[in-house]
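User: I'd like to learn how to read a few features in a structure. Can we go through them one at a time?

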Amino acid sequence: MPGPQRVSPFRLGLPGLPPAFDQLAAGFIYGLACDQQSIRLPLVAAALAARAGRGGMAVLVTSVDPAVQARKLALSGLDVGEMIGAGELKFFCHTMETGRDLFVTGTQRLLRELDGLGLPDGTLILADGADRLFCLADPGAAVQATRAWDEWLSRNDHALLATFSPPSDAPRDFVTLRTVADGFGGFGVVRGSDDEVTLDIRHWFGALGPVPRRRFALSVDEAGRLFAHASLLPSRALVPIEREWTVATRQAAIGLGMPTQIRQADTLLDVIDKARLMPAGTVVLHFDRASQVAELARTVAAVRALGKAQVRVVIRECKARLRAAQSIALLRLGASSVLSADLTDASVRLTVAALSGTLFSREVETDVDAVLSGIGAPERACACSFGEMATRVEDALRECASVDLPLTLIQLSPASPQAADSVHAALRKGARDAVLSERGGSLWLLLKGCSSLQAEPALARLLGRRFDMLLAGWQHWSDAPEIRATLENAASFDTPNALRAVVTPIGLRRAVGMLAFVVAALAGATHDRPAFAATPAEQFRQQFDGADYSRAARTGAHLLAERPDDRPLRLEVANALAWSGRYDAAIGQYEKLYGSDLDAAARLGVANIQRWRGMTDVAADTYEAVLRKDPGNADARAALALAGRDLRAATTFRVASASTSSQFDRLDGTVSHRWWTRDRFARLEVGGTAQRNDTPAERVTRRELNANVFLPGLPLSPRLDVSWVSGERDRAFARVGLELVRDRFGVRFGRIDWGRAALDMQALRDGLTAGSAGGWANFSTMVGEVRARADGYSVSDGNKVLEADLRLLPVLQPIPGRIQWFVGGYWRKADRNDPRYWSPAHPYSVVNLGVQRGWYGERHDVFVSVQRGFSMSNEARSGWSVSGNGRWWIAPDTAVSAEVSWSDTPRPNPYRQRQVAVSLQQLW
């Protein structure tokens, strides 16, 4: 005869629950899915109350402040103060980022922290809101986390009671939970309605063995305690995903998957018959003609009348498009979603698959005729006042929010008055059920049923495929708060043309013409013509002595063609070329003087260019070679002293601040030490950085160790940058650079800290990294000096970003005062848009025009640049950028430096960035 069974120390503790369900077995996970915190916490309180006073240990794992959690538990009928005082309860707090850390470090790190609490065997672990702890956002990581928990619990005879609350907008998390729950000792779902809150036990292996599936009603008494009792309502348990059907009409089934996986229906009546038999799943209907709306509406209402909450209805546009009013009517009758004809087959397939395992819980209307009567005939978009448009937009926002229908506000800036008339006429003719207005020289259009991804195809249908030829720029917003804020900002402009001046890019041709006119005017106004016709030699002398080196170089070139043997003239022409930034041309003239009586001066000129280009080690060798031949050469000795500033060991203290218009601020302090080997074979640098990143809501601090090795003595002059970052997670990064031609052409590749470069708190929190590869080039052409750069990044979230930059410093420099003008371009493109970092899904491209000026002396180096960017794509807007840097030697071995940059570069939404840095350098 078997002896009496031992009562398990682990219990759910719900009064009214049979012992077979109440008693939990050691070494198992028990999960309860419940999105109501007012039910979830009483469940936790009941399990803790059953544990109190029995000498066992319990640990409550939560992301909520323990004091707040204790007060909530007290309102749920349990005062945890006595348990804490008796050593029966401990709180283990984890942050909201712990779930992200688990993707990188694994669940073992969390379990080691729990072991650090010194828990005795047989401890009850309660995890409230365990979605992040089990990594439900990633199915693979969730399986690994479940295995780690299971091994840890069985090894220590612990039991885990975990509550989950998958968000309603993440059905995949619930599907993942149901998948990993197969490995739990027990799993149940708590659902609530106006009639009853129920606990649906899906499977349960308690301390007394397996028990059949049951369903209990839950109630809360006046003291806040939860208890269970028999349910009076029929069971509505979820059907397993593997038993769900997909029923689709033949047109809608195209691209959904293998024909054997889809139950196709020939008619809508056949759809209703199959929906009546299906236990759960998704019904996909097609829309291909306007006369089909009424038939579709009655089919949706008939399927919804079956009362199956786990049956979803999807409308797929095929060959025709539903108007906004028609989509709203179908959603009111019970359609789950409307899929646009712009979606690819793969997107439709993924959308339908994502609905698996979800419930349809929205209230629906049953009077089909009344709903259809409200559709009305399609109305053309008619212009209205801006104030009336704001009112109609607010009505549309409320209407679409009730049925989860997207809508998009579009601002169009016509390129000319004639283009404005054409755009206005096209919109009034083609935009049905739309709201149209005009303000500030821009047209404003609200499209109901149009998402942000569909905005560009919608404009292409309304205005033609080359609609961008009619527009100088356009923007769109699909988020309700952004739409309201945009309309409020637009209404605040008193001058009608003020808004157009902000959002409409100036035409590139017009900008170039204006710049050329200004340059010519400046050149003509500042260069007084002599009263007599000066000879070319006199012109050259005036220009050279007046520091107009760009014009002096051109005039001197003509003189050299007449006097090729005039070596002093050639040296001055070479100097003029070098001092106006035309380095390659200057080197060509210097080299022609090698072996002559001006050999030392020519070599010094080449060495100076090498130093200005950053090849200080090469320049120093040249200076020393000149001094070995002529020890008394004062110019070589002074130049070598200047080069020595970059070759001597140096310690630098740097403080930098950066901020963006998205309310992100960064402050960091760096200490670094740099030195060369005696033979100048290698340059090494090590340093450390303490960094603080702030937003109004949170702060992240990090520490970095950096090392740099540059080996100009080896072929390809390899460069290695290595960094180690310590903060919420420890990571290492490295990047390698090779110069295929020294200072002319190079490549680089490696792994970089993408989160740091993004200047975004979310990217930093998520620990984004990127593999990078790219190249750069500096070369001379007949029109000027060219600098080019191209880089590609493979981000750790699967996205890819490409960017390229080009700048030309032209030969023709007519602006006086040694001010140089330049032209360039920038291009950036990503596979998809990600809100955590700048990733334009459509190409971002601008053309830059600007001016720069440098001041250089023995005790200072100052450089300032100002540029204006002109948009060349819809993702870009015109913007300004200003930058400057300088270094001042306050003592022979001590220098202070400053760097400042500011940019206002819409992308296309407004974006501003500011950076300031100061540093102190000490030579040794």
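User: Which ring does Arg807 lie over?

Analyst: This is a predicted model. To read such a feature, look for the charged end of a side chain above a ring face. Here Arg807 lies over the face of Phe822, at 3.8 Å from the ring centre. There is another case at Trp245: the charged end of Arg263 sits over its ring, 3.6 Å from the centre.

User: How many aromatic pairs does a search of the whole structure find?

Analyst: The search finds 14 aromatic pairs. For each pair, check the ring centres, then the angle between planes. Take Tyr826 and Trp838: their ring centres are 6.0 Å apart and their planes are at 25 degrees, so this pair is stacked. Planes under 30 degrees apart count as stacked.

User: Where do Tyr826 and Trp838 sit in the chain?

Analyst: Tyr826 is in strand E33, residues 820–830. Trp838 is in the loop between E33 and strand E34 (844–856). The two are twelve residues apart, and the pair links distant parts of the chain.

User: Is the pair of Trp838 and Tyr844 stacked or edge-to-face?

Analyst: Edge-to-face, because the planes of Trp838 and Tyr844 are at 85 degrees, with the ring centres 4.8 Å apart. The cut-off for that class is over 60 degrees. As for burial, Tyr844 is buried, at 5% relative accessible area. Tyr826 is buried too, at 15%.

User: Which residues form one aromatic cluster?

Analyst: Phe134, Trp149, Trp152, Phe164 and Phe184 form it.

User: Now a helix. Which residues of H20 are buried?

Analyst: Start with the general idea. An α-helix has 3.6 residues a turn, so residues three or four places apart point the same way. In H20 (residues 536–545), the buried residues are Phe540, Gln543 and Phe544. They cover an arc of only 95 degrees around the axis, so they lie on the same side of H20. The buried residues of H20 pack against helix H21 (549–562) and helix H22 (567–579). Just after H20, Ala547 takes a positive phi of about 65 degrees.

User: Last one. Is Ala25 buried or exposed?

Analyst: Buried: Ala25 has a relative accessible area of 14%. The cut-off for buried is under 20%. Ala25 is in the loop between strand E2 (23–24) and strand E3 (29–34). Next, look for its contacts. Leaving out residues up to four places away in sequence, Ala25 touches Phe10, Tyr30, Ala159, Phe205, Gly206 and Ala207. The C-alpha atoms of Ala25 and Leu208 are separated by 8.0 Å, yet these residues are 183 residues apart along the chain.

How values were computed: Residues numbered from 1 in each chain as written. Predicted model: local features only at pLDDT ≥ 70, side-chain atom pairs only at ≥ 80, totals over all residues. Heavy atoms only, no water. Helix = DSSP H or I, 4+ residues; strand = E, 2+ residues; numbered from the N terminus. Buried < 20%, exposed > 50% of the residue type's maximum accessible area, 1.4 Å probe, protein only. Contact = heavy atoms within 4.5 Å. Arc of directions from axis to C-beta. Phe/Tyr/Trp six-rings, centres within 6.5 Å; stacked < 30°, edge-to-face > 60°. Lys NZ or Arg CZ within 6 Å of the ring centre and 35° of its normal.
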